[in-house]
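Welcome, and please open your viewer. We will go from stop to stop, selecting a few residues each time.

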Amino acid sequence: MIVKRLGLVDYAPALEAMRVFTAGRTDGTADEIWLLQHPPVYTLGQAGKAEHLLCNPAGIPLVQIDRGGQITYHGPGQLVAYLLIDLPRRRLKVRELVHLMEQAIIDTLAEYGLAAERKDGAPGVYIAGAKIAALGLRVRNGCSYHGLAINVDADLTPFGWINPCGYEGLKTIRMKDFGVADSVEAVGERLLAHLQRLLLPIEVRPDVDNQPAQAAQEAPAGP
């Protein structure tokens with residue numbers, strides 16, 4: 001597993017780099033996790049509806065992309081982790097990877113005393129019904145890209161200009177709201193430890209939650 005800590009990266013070149021990496025993979029290519037932040041940008045999933053952008057007084061760029069899901073916002077103060085994983089090699093189905101990502105976020109937040117949970121039918125991680133983390137994936141030839149985003153101390157104002165993840169009135173929160181003072185980088189290291197713990201070595205990876213998972217070509221997840 002190769003980990004890249006990339007700092008603040010514009011969205012378009014990061015997306016192109018993920019696509020190029022995934023297209024050029026071979027059976028021997030090591031999996032990678034990229035930890036980074038983006039300047040302000042809205043991203044709209046491949047089946048996303050433009051009307052979920054309600055207004056845009058700050059002129060934030062909108063990028064149509066190839067993950068699942070609707071619209072979300074990325075900006076400084078938000079931890080983004082991209083998972084470039086060969087799923088068959090780790091005996092993972094897409095639903096298992098989604099479950100694993102959610103669990104890593106839940107475990108990370110638990111270290112800060114925050115009780116987070118999943119919500120049926122709405123991928124992501126929530127605290128008392130408000131969304132603190134979003135997920136979105138694309139899988140090509142069995143290899144994933146895109147990943148997850150956790151609101152650490154981001155400005156939440158741009159979330160108010162959209163229907164987050166396509167849900168009208170969905171409240172979005174951040175770790176700072178609960179008194180967490182750690183930097184994005186510090187939260188990233190804790191998240192990374194949980195991702196690496198759950199992504200066990202290829203030879204010995206058990207089922208994530210001891211439940212059968214259905215095969216899928218696209219992740220059932222989006223922000």
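Start by selecting Phe 21, which counts as buried because its relative accessibility is 16%; buried means under 20% relative accessible area, exposed over 50% and partly exposed in between, with a 1.4 Å probe and protein chains only. Before going on, note that this is a predicted model, where local features need pLDDT of at least 70, side-chain atom pairs count only at pLDDT 80 or more, and totals for chains, interfaces and linings use all residues. Residues are numbered from 1 along each chain as its sequence is written, and side-chain values use heavy atoms, with hydrogens and water left out.

**Aromatic rings**

Searching the whole structure gives three aromatic pairs. Rings of Phe, Tyr and Trp (its six-membered ring) pair if their centres lie within 6.5 Å; planes under 30 degrees apart count as stacked, over 60 as edge-to-face and the rest as tilted. Phe 21 belongs to helix α1 (residues 11-23) and Trp 34 to strand β2, 13 residues apart, and the pair links distant parts of the chain. Helices (H or I, at least four residues) and strands (E, at least two) are DSSP runs, numbered from the N terminus. Trp 34 is buried too, at a relative accessible area of 6%.

Next, select Tyr 42, Tyr 73 and Phe 159, which form one aromatic cluster.

Move to Thr 43 in strand β3 (residues 41-44). Is Thr 43 buried or exposed? Its relative accessibility is 0%, so Thr 43 counts as buried. Show its side chain together with that of Arg 67: a polar contact of 2.9 Å joins them. (A polar contact is a pair of N or O atoms within 3.5 Å; within protein, one must be able to donate a hydrogen and the other to accept it, and residues adjacent in sequence count only if both atoms are side-chain atoms.)

Now select Thr 72, the bridge partner of Thr 43 in β5. β3 and β5 pair in the antiparallel sense over four bridges; strands pair if DSSP finds at least two bridges between them. Strand β5 (residues 71-74) is covered on both faces, with Ile 71 and Tyr 73 buried on one side and Thr 72 and His 74 buried on the other.

**Helix α3**

Finish with the buried residues of α3, including Val 184, Leu 191 and Leu 198.
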